[in-house]
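Trainee: May we go through the structure shown here, step by step?

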2 protein chains.
Amino acid sequence: MISQTEENYLKALWNIISNKGEASVNELSKQLEIKMPTVNSMMKRLAEKGLVIYESYKPLKLTDKGKKQAALIIRKHRLTEMYLVEKMGFGWEEVHDIAEQIEHIQSPAFFEKMDELLGFPKVDPHGSPIPDKTGKIEAEQYIRYIKLSDCREGDTVTFMAVSHSSDDLLKFLNSRELSLGSKIKVRSIEPFDDSMTVSYGGRKAEMLSNKVCDKLLVRPA
Amino acid sequence: MISQTEENYLKALWNIISNKGEASVNELSKQLEIKMPTVNSMMKRLAEKGLVIYESYKPLKLTDKGKKQAALIIRKHRLTEMYLVEKMGFGWEEVHDIAEQIEHIQSPAFFEKMDELLGFPKVDPHGSPIPDKTGKIEAEQYIRYIKLSDCREGDTVTFMAVSHSSDDLLKFLNSRELSLGSKIKVRSIEPFDDSMTVSYGGRKAEMLSNKVCDKLLVRPA
DNA sequence: GTAATATGTTAGATTGGTCTAACAAAATTA
DNA sequence: TAATTTTGTTAGACCAATCTAACATATTAC
């Protein structure tokens with residue numbers, strides 16, 4: 001009923017909308033690396049199917065049905081990432097591309113089983129919340145996370161999630177032994193470039209650029 | 001480079017050829033439930049790509065390259081089935097449809113990991129051999145299996161594999177607690193319909209129709 | 001050995017998903 | 001506000017994968 005291609009558009013839309021509040025044909029086009037006219041006609045198709053609200057020159061929206069569909073794909077993606085890390089021993093930087101494919105598998109039983117074997121996890125290996133079977137996200141605490149880059153000297157926080165993690169960022173964090181759950185203390189902030197010197201775990205004084213700090217979501221103590 | 005659709009044609013061809021020795025457009029068409037003209041043009045495409053040998057009105061063949069490709073897809077399918085049964089707790093009758101989808105995942109690391117976690121199995125949950133990474137099958141013993149239906153009264157054999165298992169057959173075997181590795185003794189054969197009365201495990205006298213016995217591959221004692 | 005049937009092929013249409021080129025509207029800048 | 005740039009839309013082409021209808025060749029039956 002809904003093709004893999006359509007699923008990819010829905011997911012991208014959902015991602016853009018949850019970050020920026022609304023989506024444009026242009027952004028979707030860039031994110032998917034698909035030319036605008038193609039995106040445009042796909043939006044009309046998804047509107048026909050009742051998944052997207054499309055009006056010429058207006059921002060794109062998802063219908064409730066579209067939101068649910070998208071969330072269920074995200075659910076499959078994040079459950080898969082968790083499974084790959086927890087049950088198969090992959091690193092958190094290795095799982096995205098595999099999950100990107102497995103998220104399209106049509107088999108409720110398969111994902112039920114994963115969920116069960118994982119003990120019904122609430123977050124994926126990068127700390128992002130996993131939508132439930134109805135497409136809802138229990139994100140009470142998640143939405144209260146703040147960026148490390150918004151913290152001040154002397155703050156002590158817990159590293160809870162990575163936002164929009166790229167493989168390179170994750171590999172960088174691996175190399176610094178900085179993982180979810182670490183208690184981070186902000187030692188100092190360099191006024192010139194906003195880089196931070198922090199301590200955590202065994203590390204006394206690690207320097208993190210502002211670009212890195214901007215991606216790390218933390219919970220204040 | 002090679003699409004999922006093309007993979008499905010290759011796999012079906014491989015299956016038909018390994019059973020019957022050669023394949024026709026008609027058989028492929030029936031097996032895939034795709035009309036003959038479509039199959040015909042796909043054969044030409046796969047011939048262009050050097051995977052199939054196609055000559056008008058001649059039986060279809062796979063090139064060495066085609067055989068290897070097909071075997072690697074079969075490998076992914078059978079490894080997946082084994083993983084689903086051994087590591088996720090699915091029944092052998094539940095795994096075919098899921099494996100049918102996962103076999104198309106493009107990620108050598110994913111299947112390497114499965115293989116490793118399974119301890120490099122040689123057969124799938126139905127007893128079919130798993131091709132190795134180069135597409136070869138170590139089938140020394142497998143090819144010497146015989147059908148239970150070819151056994152005689154008094155023979156004692158070991159149940160090694162199910163050929164062309166349908167879900168219904170597997171469920172039937174489940175219901176009789178007949179599983180791979182069982183030692184089966186042929187008590188009697190009914191001349192009228194060739195049905196067999198056998199004993200194995202805790203079962204003293206189970207009646208198996210000729211249709212069932214024809215699907216059970218066994219190793220003579 | 002011809003007729004009938006089964007199998008295989010060609011031609012042409014359709015749909016999904018993509019593109020480029022050209023044009024239109026909105027937003028930004030001067 | 002007018003000009004320029006960015007964004008969005010329309011039109012039309014292309015390829016993969018499917019189909020039906022019509023025709024061609026093989027095989028089987030009589």
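Trainee: Is Asp97(A) buried or exposed?
Mentor: The model is predicted: local features need pLDDT of at least 70, side-chain atom pairs count only at pLDDT 80 or more, and totals for chains, interfaces and linings use all residues. Residues are numbered from 1 along each chain as written, chains are lettered from A and ligands numbered from 1 in written order, and side-chain values use heavy atoms, without hydrogens and water. Buried means under 20% relative accessible area, exposed over 50%, and partly exposed in between (1.4 Å probe, protein chains only). Asp97(A) has a relative accessible area of 51%, so the residue is exposed.

Trainee: In which helix is Asp97(A) placed?
Mentor: Helices are DSSP runs (H or I, at least four residues), numbered from the N terminus. The run in chain A that holds Asp97(A) covers residues 96–102 and is helix α5.

Trainee: Is Ala47(A) exposed or partly exposed?
Mentor: Ala47(A) belongs to helix α3 of chain A, residues 36–48. Because its relative accessible area is 25%, Ala47(A) is partly exposed.

Trainee: What separation do the C-alpha atoms of Ala47(A) and Leu169(A) have?
Mentor: Along the chain, the two residues are 122 residues apart. Their C-alpha atoms are separated by 36 Å.

Trainee: How many disulfides does the structure hold over all chains?
Mentor: A disulfide is a pair of cysteine sulfur atoms within 2.5 Å. Cys213(A) is buried at 0% relative accessibility, and its sulfur is 8.7 Å from the closest cysteine sulfur, in Cys151(A), which is too far for a bond. Cys213(B) is likewise in no disulfide, with the sulfur of Cys151(B) 8.7 Å away. Over all chains, the number of disulfides is zero.

Technical notes: Helix = DSSP H or I, 4+ residues; strand = E, 2+ residues; numbered from the N terminus.
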